[in-house]
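Have the sequence and the 3D view open side by side, and follow along as we go.

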Amino acid sequence: MEQIILHVDMDAFYASVEIRDDPSLRGKPLIIGAMPGERGVVATCSYEARKFGVRSAMNVQEAYRLCPNGVFMHPNMEKYRAVSGQLHRIWREYASALEAVAFDEAYLDVTEKAGDLDRAAAMGREIKERIRRELGLSCSVGVAYSKTAAKTASEEKKPDGFFVIPTPEAFVNLILDRDVRVLYTVGEMTAEKLYALGIRTVRDLRERASEVEGLLGKQGTWITRLARGIDDRPVTPYRPEDAKSIGREVTFQKDVEDFGLLKDVLLLLALCVEHRADSVGLRGKGVTLKLTYGDRKGITRSQLVEDADSAVAIYRTAAALLDRVERRPVRLVGVSIYHLSGEEMQLSLPGYFRDGTDGDAEERDRYLEALGEKYGLDFAGHVEQLYGAETLHRTVEYMRKHSGG
Ligand code: DCP
Ligand code: MG
């Protein structure tokens with residue numbers, strides 16, 4: 001199917017909104033997230049702060065070290081959500097299908113409404129102009145024949161960018177000698193596997209396609225197709241609140257018999273679930289524990305709760321569920337929340353910006369401290385590192401080895 005897709009991504013979104021509303025911030029390195037001295041991470045920062053090396057998801061102490069003269073601010077999620085609503089109203093006028101990826105980012109299917117690439121490009125410029133005029137904000141727009149190419153195009157000239165990638169050939173020519181990570185569905189772990197084989201660029205990937213397909217199976221086929229510019233995925237109308245559940249799981253290198261260790265792992269999984277739920281502004285009314293035993297038999301146990309809105313609440317419920325299951329060696333453990341809703345979250349800060357004053361946060365810190373002592377790990381101040389799949393896996397494996405499990 002022939003498609004024409006626009007990808008729109010706001011520039012330094014939270015920071016740009018704050019600068020718009022307080023022009024005295026313009027030109028300054030502005031860092032939105034936790035405050036120096038608090039526990040937490042950078043959500044985003046202005047391009048002036050990026051010159052100092054500050055980045056999204058960086059520990060705020062590190063950001064402060066790099067940019068001590070920066071202006072630090074807490075995020076105002078309510079405000080950004082409102083701006084996101086205004087953006088959606090503009091985007092919807094142009095798209096026959098709109099897929100929101102984040103507050104500030106969406107794919108627009110303009111195949112029908114534009115008809116051809118030239119008119120799609122004109123639409124893209126019009127959208128940029130309207131967002132500037134009506135909302136006082138800048139964004140980057142990519143126009144292309146596929147979602148991957150459109151996203152690549154919007155990143156190409158960021159900030160305030162505009163770029164068109166008309167064909168698979170144009171896409172391939174653009175990225176041929178770039179790192180495989182340019183295919184943004186290639187994550188850190190996959191990239192490491194490819195690097196280990198000496199496959200670093202898209203060119204390498206193309207030349208050694210069958211090897212990659214052998215190594216990575218279905219995923220390998222997907223990325224070697226991408227490396228040829230092929231991506232037929234449609235724009236699927238999606239809102240995070242339509243998700244049925246939010247979960248995280250880990251598979252152990254060796255089956256675990258020690259249920260004390262499993263319970264400890266539940267705390268880390270609960271932290272990850274809390275983080276993901278916060279980042280999309282959702283909370284759950286139910287918790288599910290998932291186990292796969294060594295013989296591959298899988299079970300799930302669920303429980304409705306008043307509010308699965310903090311890592312501690314999720315952990316407590318999951319741990320209680322664990323107490324009631326059959327004790328045999330376990331291969332995989334997972335935690336998820338379901339019955340999701342968004343309303344009550346709107347006024348509160350994401351958990352990872354909270355400064356640890358509420359009761360659950362204190363309890364979480366006590367649990368983490370105990371866990372740190374038990375396994376000889378220091379969690380304080382870098383919990384956010386656990387949110388990455390690779391670090392979580394490595395930490396859990398470390399715990400397994402140090403529990404004698
Ligand atoms: N965000 C966050 N934590 C992250 C990444 C992003 O809270 N680890 C928030 C803050 C961003 C917003 O989401 O403003 C949009 O994310 P982007 O990745 O699009 O980053 P920006 O819009 O801030 O910058 P860019 O100009 O690079 O798009
Ligand atoms: Mg953005």
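A salt bridge here means a side-chain nitrogen of Lys or Arg within 4 Å of a carboxyl oxygen of Asp or Glu. By that rule, 33 salt bridges are counted. Please keep in mind that this is a predicted model.

**Salt bridge between Asp116 and Arg119**
- Asp116 and Arg119 pair through their side chains, with an N to O distance of 3.3 Å.
- Asp116 is partly exposed at 31% relative accessible area, while Arg119 is exposed at 52%.
- Arg119 counts as exposed because its 52% is over the 50% cut-off.

- Arg133 and Glu129 form a salt bridge, N to O, at 3.8 Å.
- Both residues sit in helix 6 (residues 117-135), and their spacing of 4 residues is about one turn of the helix.
- Arg133 is exposed, with 56% relative accessible area, whereas Glu129 is partly exposed, with 38%.

- Glu156 and Arg178 make a salt bridge in which the closest N and O atoms are 2.9 Å apart.
- Glu156 belongs to helix 7 (residues 147-156) and Arg178 to the loop between helix 8 (168-175) and helix 9 (188-196), so this pair ties together parts that are 22 residues apart in sequence.
- Glu156 is partly exposed at 24% relative accessibility, and Arg178 is partly exposed too, at 29%.

**A salt-bridge network**
- Which residues are joined into one network by salt bridges that share partners? They are Glu93, Glu129, Arg130, Arg133 and Glu134.
- Two of these members, Arg133 and Glu129, are the helix 6 pair described above.

**The magnesium site**
- The magnesium ion (ligand 2) has Asp9 (OD), Met10 (O) and Asp104 (OD) as its protein donors, at 2.3 to 2.4 Å.
- Along the sequence, these donor residues follow the spacing D-M-x93-D.
- What arrangement do the donor atoms around the magnesium ion (ligand 2) make? There are 6 donor atoms, and the angles they subtend run from 76 to 175°, so the arrangement is octahedral.
- Asp9 is buried, with 11% relative accessibility, and Met10 is buried as well, with 2%.
- Both residues count as buried because 11% for Asp9 and 2% for Met10 are under the 20% cut-off.

Key. Residues are numbered from 1 along each chain as its sequence is written. Chains are lettered from A and ligands numbered from 1 in the order in which they are written. This is a predicted model: local features need pLDDT of at least 70, side-chain atom pairs count only at pLDDT 80 or more; totals for chains, interfaces and linings use all residues. Side-chain values use heavy atoms; hydrogens and water are left out. Buried means under 20% relative accessible area, exposed over 50%, partly exposed in between (1.4 Å probe, protein chains only). Helices (H or I, at least four residues) and strands (E, at least two) are DSSP runs, numbered from the N terminus. Donors are N, O and S atoms within 2.8 Å of the metal (3.2 Å for Na, K and Ca); water is not among the atoms, so sites may look incomplete. Four donors count as tetrahedral if all angles lie between 85 and 135 degrees; four count as square planar and six as octahedral if opposite donors are over 155 degrees apart and all others between 65 and 115; anything else is irregular.
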